[in-house]
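Welcome to this short tour. Please take a look at the sequence and the structure below, then read on.

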Amino acid sequence: MKNTLKISLKPNEKIYLNGAVIKVDRKVTLELLNDVQFLLESHVLQIDQASTPLRQLYFILQVMLMNPDGADDAYALFRRSLPLMLASFSDPEITGTLKHIDRMVGEGHIYEALKAIRGLYPRELKVIGGNDDQPAEVQAIRPELEKRQAAQAGAAR
């Protein structure tokens, strides 16, 4: 990061910063002076919201960002999931962006990769039909995500 980055947070809002959860009690502006990995609370995806292939990929990368201790496992899951994503989409915009996301993740630019995935959500809905009653092949990664989440929850206890 060459320039500083200012982030304004509202009262009771959270930010995930290098694996730490920070909650503010009043309106505050944070000025990040060096390179950090962060995720705003409004961009956090819950497991039950990971109902499409791109949302599942987003969830995997989100885990890498929010849980540095589990980043290696999430990265391995990303490496297994990405080829499945590329094979399941024929849309050139989606496949081209997925290849770019692969490069970003390889370079450690997780936040930028998450932003790129969010930008594909409207396109994905058009491609797969736009409803949550997706066929089994669309939700192929979900059991693996749920298994990992359960394992991480058990380890946290």
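## Layout of the chain

Helices (H or I, at least four residues) and strands (E, at least two) are DSSP runs, numbered from the N terminus. Along the sequence, the protein follows the pattern β-β-β-β-β-α-α-α-α-α, which comes to five helices and five strands.

Of the 157 residues, 40% count as buried, meaning under 20% relative accessible area with a 1.4 Å probe, protein chains only. Contact here means heavy atoms within 4.5 Å. Among contacts with a separation of 6 or more, 58% are between residues 24 or more positions apart.

## How confident is the model?

This is a predicted model, where local features need pLDDT of at least 70, side-chain atom pairs count only at 80 or more, and totals for chains, interfaces and linings use all residues. Residues are numbered from 1 along each chain as its sequence is written, and side-chain values use heavy atoms, leaving out hydrogens and water.

The pLDDT, the predictor's confidence in each residue from 0 to 100, averages 84 for the protein, and 81% of the residues score at least 70.

## A pair of helices

How do helices α1 and α4 cross? The axes of α1 (residues 53–66) and α4 (residues 110–128), lines fitted to C-alpha atoms over the stretch in contact, come within 8 Å and cross at roughly 165°. The two helices are therefore roughly antiparallel, a term for angles over 145 degrees, on a scale from 0 to 180 degrees between N-to-C directions.

Residues making this contact include Leu-54 and Tyr-58 of α1 and Leu-114 and Tyr-121 of α4.

Definitions and conventions:
Angles under 35 degrees count as roughly parallel, over 145 as roughly antiparallel, 65 to 115 as roughly perpendicular and the rest as oblique. Buried means under 20% relative accessible area, exposed over 50%, partly exposed in between (1.4 Å probe, protein chains only).
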